[in-house]
Amino acid sequence: MSTAAAPVRSGAVLADLLPAARHRYAVDAALVMGGAALTGIAAQIAVPVPGSPVPVTGQTFAALLIGTALGARRGFLSLALYALVGMAGMPWFAEASSGWSMPSLGYVFGMLLAATVVGALARRGGDRSVLRTAGTMVLGSAIIYAIGVPYLALSTGMSLSAAVAAGLTPFLIGDALKAALAMGLLPATWKLLGRRS
């Protein structure tokens, strides 16, 4: 069995390039569990935001990278596993929290949908160039906020404008930095794989 890198082909995501012809289900299961664990670890990189119940974390970046690297199906399963295990009591949401009654849970649901969407876009080449990656990351972030901010408002009794001020505005600069990192990382990985194959 060869362990050489698979040729880069259209319609593929990074995870599809792993050599696993005979053990695809085991590899997929490991990728899904690994993606959930990575999201949980990244969630512990947390900086409190004064006046907001939502900290700045690494989990949104992890969720978007997992979606693009694993594709829509595996990305969805990975974030679904992360959400379900966290709601069941595993303390791997932001700041070692868990459960289903926290005001930031809407962002976790947003990450689930965003990982699915960016995974579908990655399969169509949405992570192969700097500009496409930027668009993919911006759309993924917008999906997270579209679910997270209204959930924050409903769960805390905030007005929508107060939820935007507490749960969106303070995070825009960090999201721009995360998108810039992805814009360099993902296309460079594809370029490197293209040279090797």
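The count of cavities of 30 Å³ or more comes to 2. A cavity here is a set of points, on a 1 Å grid over the protein atoms alone, where a 1.4 Å probe fits but cannot get out. Grid points are joined across faces, edges and corners, and a volume is the space filled by probe spheres set on the points. This is a predicted model: local features need pLDDT of at least 70, side-chain atom pairs count only at pLDDT 80 or more, and totals for chains, interfaces and linings use all residues. Residues are numbered from 1 along each chain as its sequence is written, and side-chain values use heavy atoms, with hydrogens and water left out.

Start with the largest cavity. Its space is about 200 Å³. Its lining has 19 residues, where a lining residue has an atom within 4 Å of a point. Nearest the centre of the largest cavity lie Val 54, Pro 55, Thr 57, Thr 60 and Tyr 107. Which elements each supply at least two residues of this lining? They are β2 (56-57), α2, α4 (105-123) and α7. These labels come from DSSP runs, numbered from the N terminus: helices are H or I with at least four residues, strands are E with at least two. Helix α4 gives the most to the lining of the largest cavity, with 3 residues. By class, the lining of the largest cavity has 11 nonpolar, 6 polar and 2 charged residues. Nonpolar covers Ala, Val, Leu, Ile, Met, Phe, Trp, Tyr, Cys and Pro; charged covers Asp, Glu, Lys and Arg; the others, Gly among them, are polar.

The second largest cavity has a volume of about 30 Å³. Thr 60, Ser 141, Ile 144, Tyr 145 and Asp 175 line it. Helix α5 (residues 130-156) contributes the largest share of that lining, 3 residues. The classes in the lining of the second largest cavity are 2 nonpolar, 2 polar and 1 charged.

Now turn to the open space. A pocket is an open set of points with protein on both sides within 12 Å along at least five of seven lines. The largest pocket holds about 190 Å³ of space. Helices α1 (24-43), α2 (59-70) and α7 (172-196) each supply at least two residues of its lining. Among the lining residues of the largest pocket are Leu 31, Leu 38, Leu 65, Ile 66, Leu 185 and Leu 186. Gly 34, Gly 35 and Thr 189 also line the largest pocket. The lining of the largest pocket divides into 9 nonpolar, 3 polar and no charged residues.

Next come the rings. There are 4 aromatic pairs. Rings of Phe, Tyr and Trp (its six-membered ring) pair if their centres lie within 6.5 Å; planes under 30 degrees apart count as stacked, over 60 as edge-to-face and the rest as tilted. Why is the pair of Tyr 107 and Tyr 145 edge-to-face? The ring planes of Tyr 107 and Tyr 145 stand at 90 degrees, with centres 6.3 Å apart, so the pair falls in that class. This pair links distant parts of the chain: Tyr 107 sits in helix α4 and Tyr 145 in helix α5, 38 residues apart. Tyr 107 is buried, at 6% relative accessible area. Tyr 145 is buried too, at 12%. Buried means under 20% relative accessible area, exposed over 50%, partly exposed in between (1.4 Å probe, protein chains only).

Phe 109 and Tyr 151 form another edge-to-face pair, 6.1 Å centre to centre with 80 degrees between the planes. It also links distant parts of the chain: Phe 109 in helix α4, Tyr 151 in helix α5, 42 residues apart. Phe 109 is partly exposed, at 28%. Tyr 151 is partly exposed, at 26%. Tyr 82, Trp 92 and Phe 93 form one aromatic cluster.

Arg 128 lies over the face of Trp 190, at 3.6 Å from the ring centre. The rule asks for NZ of Lys or CZ of Arg within 6 Å of the ring centre and within 35 degrees of the ring normal. Lys 178 lies in helix α7. Buried or exposed? Lys 178 is buried, because its relative accessible area is 18%. Lys 178 touches Thr 57, Thr 60 and Phe 61 (heavy atoms within 4.5 Å), not counting residues up to four places away in sequence.

Last, look at the backbone. Most residues other than glycine have a negative phi. Glu 95 has a positive phi of about 60 degrees. Phi of Ala 96 is near 55 degrees, also positive. Glu 95 lies in the loop between α3 (72-87) and α4, and Ala 96 is in the loop between α3 and α4. Glu 95 is partly exposed, at 45% relative accessible area. Ala 96 counts as partly exposed, at 45%.
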